[in-house]
Amino acid sequence: MSWTYVDAADDLTYRQPLPNNTPLTEYDIPHQECELRQAIEEWLSSAFIPFSSRPWLDNLFHHHDVDQAKHVLEEADERLMGVLCSEEHRAALARVISVTPDNAPHKKYLVRQFLLPLLRKALPHALSVSAK
């Protein structure tokens, strides 16, 4: 099946640029990407933004609150990792990250916490050879 912006659900790139500020539907992108985008929105609003937007002084003096926020983020990370259960979902993550602005605070986190571990698991030999 072909969608407006993706030829196959396991494609790592979009066929054409995505529109700005226009909701995407299952006619535009695979349903796995719709699921992932919804999961990322929930992860952002419930865990990542609250954790990352804490004032630095709170981090120094309110250890219990920081620990609680970190625990919430870790649980949300686990839920998001659970969504990445198929090759199509993992390809969707790569596509979503590819269009996330470089200055978006969550992009680096998504790459480090989700995309790189998935790549290491899928291509352990290739990554160890390229690191040498």
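Visitor: Why is Lys107 called buried?

Guide: Lys107 has a relative accessible area of 14%. Buried means under 20%, exposed over 50% and partly exposed in between, with a 1.4 Å probe and protein chains only, so Lys107 counts as buried. This is a predicted model, in which local features need pLDDT of at least 70 and side-chain atom pairs pLDDT 80 or more, while totals for chains, interfaces and linings use all residues. Residues are numbered from 1 along each chain as its sequence is written, and side-chain values use heavy atoms, without hydrogens and water.

Visitor: Which residues are in contact with Lys107, leaving aside neighbours within four places in sequence?

Guide: They are Ile97, Thr100, Pro101 and Asp102; contact means heavy atoms within 4.5 Å. A polar atom of the Lys107 side chain lies 2.9 Å from the backbone oxygen of Thr100.

Visitor: What makes Trp43 and Phe48 a stacked aromatic pair?

Guide: Rings of Phe, Tyr and Trp (its six-membered ring) pair if their centres lie within 6.5 Å; planes under 30 degrees apart are stacked, over 60 edge-to-face and the rest tilted. By this rule there are 5 aromatic pairs. For Trp43 and Phe48 the centres are 5.0 Å apart and the planes at 25 degrees, hence stacked.

Visitor: Why is the pair of Phe48 and Tyr109 called tilted?

Guide: Their ring centres are 5.3 Å apart and their planes at 55 degrees, so the pair is tilted. Both Phe48 and Tyr109 are buried.

Visitor: Which residues form one aromatic cluster?

Guide: Trp43, Phe48, Tyr109 and Phe114 form it.

Terms used:
A polar contact is a pair of N or O atoms within 3.5 Å; within protein, one must be able to donate a hydrogen and the other to accept it, and residues adjacent in sequence count only if both atoms are side-chain atoms.
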